[in-house]
Amino acid sequence: FHLDTIFTPVLDKDKNLAAMIASLELMTADSKERLLNLAKKKCIRLLDVPASDAIGTSEVLGEFAVNCLPMPGYLIGPTRFHSKEVDDHLKEVGVMHITVPLTQYRLSGGAVHCLTNEL
């Protein structure tokens, strides 16, 4: 699967990396360790979300909330995150989370970020 199905950066209005959102449970141990080390080294908040906010599991398709288009001051995604911690942190760093429902596109394994990639 693609990185954008389990991870998204968050940019503040000044184009600084203000946070990272990821489903750590879906990452390999090495990838998880590298991401945690990066967050610690750069003093960037890493918000862990459940698999249901990402691609999901082999048993249950996720909602792809993490598959967002990050823009300065905005995070555009297909649905809200289950974690109140994500919403609280986005407000804290001044990032507006905008949702654009893509329920049918989700069934093919994608969402907002996938739709905004260059061909």
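Val 93 sits in the loop between α2 and β6; helices (H or I, at least four residues) and strands (E, at least two) are DSSP runs, numbered from the N terminus. At 24% relative accessibility, Val 93 counts as partly exposed. On this scale, buried means under 20% relative accessible area, exposed means over 50%, and partly exposed lies in between, with a 1.4 Å probe and protein chains only. Leaving aside residues up to four places away in sequence, Val 93 touches Asp 12 and Ala 18, where a contact means heavy atoms within 4.5 Å. Val 93 and Asp 12 are 81 residues apart in sequence, yet their C-alpha atoms are 6.4 Å apart in space.

A word on the source: this is a predicted model, in which local features need pLDDT of at least 70, side-chain atom pairs count only at pLDDT 80 or more, and totals for chains, interfaces and linings use all residues. Residues are numbered from 1 along each chain as its sequence is written, and side-chain values use heavy atoms, with hydrogens and water left out.

**The chain as a whole**

Let's step back to the overall layout. The chain has 4 helices and 6 strands, and along the sequence they follow the pattern β-β-α-β-β-β-α-β-α-α. Of its 119 residues, 41% count as buried. Among the contacts in the chain with a separation of 6 or more, 53% are between residues 24 or more positions apart.

**Strands and sheets**

Which way do β2 and β3 run relative to each other, parallel or antiparallel? Strand β2 (residues 17-22) and strand β3 (residues 45-48) run parallel and are joined by 4 bridges; two strands pair if DSSP finds at least two bridges between them. Within this pair, Ile 21 stands opposite Leu 47 in β3. To get from β2 to β3, the chain passes through helix α1 (residues 29-42), and this β-α-β crossover is right-handed. In other words, with the strands pointing away from the viewer, the path from the first strand over the helix to the second runs clockwise.

Further along, 3 strands form an open sheet in the order β4-β5-β6, with mixed pairing. β4 (69-71) and β6 (96-99) stand at the edges with a single partner strand each, so one side of each has no neighbour in the sheet. Neighbouring strands of this sheet are turned by 15° against each other on average, direction ignored; the axes are lines fitted to C-alpha atoms, for helices over the stretch in contact, and angles run from 0 to 180 degrees between N-to-C directions. Strand β5 (residues 74-77) and β6 run parallel and are joined by 4 bridges. Tyr 74 has Met 96 in β6 as its bridge partner.

**Salt bridges**

How many salt bridges does a search of the whole structure find? The search finds 4, counting a side-chain nitrogen of Lys or Arg within 4 Å of a carboxyl oxygen of Asp or Glu. The table shows some of them.

| Residue pair | N to O distance |
|---|---|
| Arg 34 and Asp 30 | 3.0 Å |
| Glu 85 and Arg 45 | 2.7 Å |
| Arg 80 and Asp 87 | 3.4 Å |

Arg 34 and Asp 30 are 4 residues apart in helix α1, which means that about one helical turn separates them. Arg 34 is exposed, at 58% relative accessibility, whereas Asp 30 is partly exposed at 44%.

Glu 85 forms its salt bridge with Arg 45. Glu 85 lies in helix α2 (residues 84-92) and Arg 45 in strand β3, so the pair ties together parts that are 40 residues apart in sequence. Both partners count as partly exposed, Glu 85 at 37% relative accessibility and Arg 45 at 34%. Arg 80, which meets Asp 87 in a salt bridge, is partly exposed too, at 39%.

If you are wondering about disulfides, a search of the whole structure finds 0, taking a disulfide as a pair of cysteine sulfur atoms within 2.5 Å. Cys 43 is exposed, at 71% relative accessibility, whereas Cys 68 is buried, with a relative accessible area of 2%.

Finally, Leu 3 lies in the segment before β1 (7-11). Leu 3 counts as exposed at 54% relative accessibility.
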